[in-house]
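Here is a briefing on one chain. Look over the sequence and the fold, then read the notes by topic.

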Amino acid sequence: MTGTLRYNPYDYEIHEDPYPTYRRLRAESPVYRNDELGFWALSRHADVTAAFRDSARFSNSHGVSLDPAASGPHAHRTMSFLAMDPPRHTRMRALVSRGFTPRRVVELEDRIRTLTVGHLDAALERGTFDFVGDFAGLLPMDVISELMGVPGPDRAELRRLADLLVHREEGVQDVPAAGVEAALTLAGYYADMISERRRRRTDDLTSALIDAEIDGDRLTDDEITAFLFLMVVAGNETTTKLLANAWFWAWRFPDARAIALGDGSDPAGGDGIEQWVEETLRYDASTQMLTRLVTERTELHGAVLEPGDTALLLVGSANRDETVFTDPDRYDLLRDPSALVSFGVGRHFCLGASLARLEARICLAEVRSRIADYEVHEEDAVRFHSINVRGFAHLPTTVVAR
Ligand code: HEM
């Protein structure tokens with residue numbers, strides 16, 4: 001690719017395929033300046049990782065989004081501790097971790113499988129279906145609801161509200177009115193649920209968060225509401241996109257598909273599922289970038305970032321850095337993808353990473369056990385348009401039953 005190097009995450013062309021632009025950014029302009037939108041973009045693996053680790057210089061206090069409505073000192077109201085620095089971040093994350101424990105995630109396994117099979121059987125019966133609309137788009141929100149203790153009859157409505165949160169209208173470079181309204185309704189629902197659990201505890205995460213305590217310090221209702229809301233914002237779309245990206249790329253790369261579908265061609269002896277999930281996370285991360293607020297004058301590769309500037313950490317680009325991953329544009333289930341940065345690095349490392357991985361493994365294993373092969377109808381696939389979440393809005397597919 002030649003010509004002027006231009007990177008704007010709102011461009012539909014970038015949503016289609018950002019990777020050639022990322023390659024040029026890494027090579028030609030590792031600290032890229034976009035004057036129109038007012039940001040710097042870091043694209044090399046080493047720089048992205050170092051910025052993640054240096055949370056004093058690269059602060060989360062204004063949130064992690066470039067969308068004007070979601071960024072600024074108020075961002076913590078909807079993004080909870082994701083939009084906080086220490087010591088507030090440390091306190092909140094520690095308290096939440098008392099309730100959101102690894103054990104609670106592991107114990108969800110059977111329920112995730114039941115929810116998966118419920119959605120999957122209905123879709124597979126049709127043979128041809130929308131992998132996102134009929135399957136991958138349904139599961140993550142149901143799992144989050146299960147975790148929180150949302151009663152079954154309310155879940156479909158909560159899923160509808162969560163979808164409205166992330167929907168972006170063409171030409172609007174911000175959160176549309178319907179999204180703002182859905183956010184208020186959702187937050188109101190969670191606030192009511194917390195009040196109810198205060199009166200009568202159950203064995204869900206919401207009750208555990210009410211009881212979480214460190215040296216007498218506890219979470220307030222508003223803090224719990226903001227955290228429940230953060231789980232929806234951070235854990236719903238991202239997991240949906242991971243599932244559909246795995247489906248799409250394994251179809252596009254037949255060697256990978258053979259391993260993913262478990263034909264025994266994995267010389268490493270694995271069952272293929274873990275590699276399928278991990279390589280998808282690396283190759284086409286559902287979270288492409290996160291913003292940081294620069295707090296100190298910082299010189300990097302000849303550029304000078306001033307306090308108050310916005311820096312984008314391009315996770316999607318770091319995962320394709322040729323100095324870290326050999327032949328990075330190849331979707332290869334036999335590589336070691338462990339240097340991926342798709343869940344972030346350091347103190348804000350994704351709290352739901354093990355849940356997302358568990359969900360993806362169960363889901364792909366259940367699909368695989370029921371099919372011999374599949375086809376994606378790429379010409380009818382529709383990309384999701386967002387500045388940081390990458391994946392499909394619709395992914396029509398036909399499966400060949402076993
Ligand atoms: C494939 C799925 C997912 C991806 C790619 C993903 C990605 C990320 C990334 C990159 C961060 C770090 C943000 C930063 O440094 O600014 C993060 C943080 C977070 N994620 Fe995830 N996430 C996923 C699934 C989930 C799930 C399922 C949940 C919970 C149900 C979750 C909850 C969180 C929370 C609470 C944080 C904030 C952690 C903190 O600030 O200390 N995520 N996620």
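The axes of helix α16 (residues 273-283) and helix α18 (residues 353-370) come within 9 Å and cross at roughly 125 degrees. That angle makes α16 oblique to α18, because angles under 35 degrees count as roughly parallel, over 145 as roughly antiparallel, 65 to 115 as roughly perpendicular and the rest as oblique. This is a predicted model: local features need pLDDT of at least 70, side-chain atom pairs count only at pLDDT 80 or more, and totals for chains, interfaces and linings use all residues. Residues are numbered from 1 along each chain as its sequence is written.

**Helix pairs**

- The crossing of α16 and α18 is right-handed. A crossing is right-handed if the near helix is turned clockwise from the far one by less than a right angle, and left-handed if anticlockwise.
- From α16, the contact uses I273, E274, W276 and V277. From α18, it uses R357, A360, R361, L364 and A365. Contact means C-beta atoms, placed from the backbone, within 7 Å.
- Helix α9 (residues 139-148) packs on helix α10 (residues 155-166) at about 120 degrees, with the axes 10 Å apart. That makes α9 oblique to α10.
- The α9 and α10 crossing is right-handed. M141, D142 and S145 of α9 meet R155, L158, R159 and A162 of α10.
- Axes are lines fitted to C-alpha atoms, for helices over the stretch in contact, and angles run from 0 to 180 degrees between N-to-C directions.

**The open sheet**

- Five strands form an open sheet of mixed pairing, in the order β1-β2-β10-β7-β3. Two strands pair if DSSP finds at least two bridges between them.
- β1 and β2 run antiparallel and are joined by four bridges. Y32 has A41 in β2 as its bridge partner.
- The hairpin of β1 and β2 has four residues between the strands. There, G38 takes a positive phi near 70 degrees.
- β2 (residues 39-42) pairs with β10 (residues 310-314) in the parallel sense, over three bridges. The bridge partner of W40 in β10 is A311.
- Helix α3 (residues 45-53) lies across β2, β3, β7 (289-294) and β10. Its direction is at about 120 degrees to β10.

**Residue T225**

- T225 lies in helix α13 (residues 221-235).
- T225 counts as buried because it has 23 C-beta neighbours inside 10 Å. The cut-offs are 20 or more other C-beta atoms within 10 Å for buried, 12 or fewer for exposed, and partly exposed in between, with C-beta atoms placed from the backbone.
- Leaving aside neighbours within four places in sequence, T225 is in contact with A187, Y190, A191 and I194.
- L340 is 115 residues from T225 in sequence, and 31 Å away in space, C-alpha to C-alpha.

**The whole chain**

- The chain has 18 helices and 14 strands. Both are DSSP runs numbered from the N terminus: helices are H or I of at least four residues, strands are E of at least two.
- The radius of gyration is 21 Å, which agrees with the value near 21 Å for a compact globule of 402 residues. It is taken over C-alpha atoms, and the globule rule is 2.2 Å times the number of residues to the power 0.38.
- The C-alpha atoms fill a box of roughly 60 × 60 × 40 Å along the principal axes.
- Buried residues make up 46% of the 402 residues.
- Of contacts between residues at least 6 apart in sequence, 69% join residues at least 24 apart.

Terms used. Contact = placed C-beta atoms within 7 Å.
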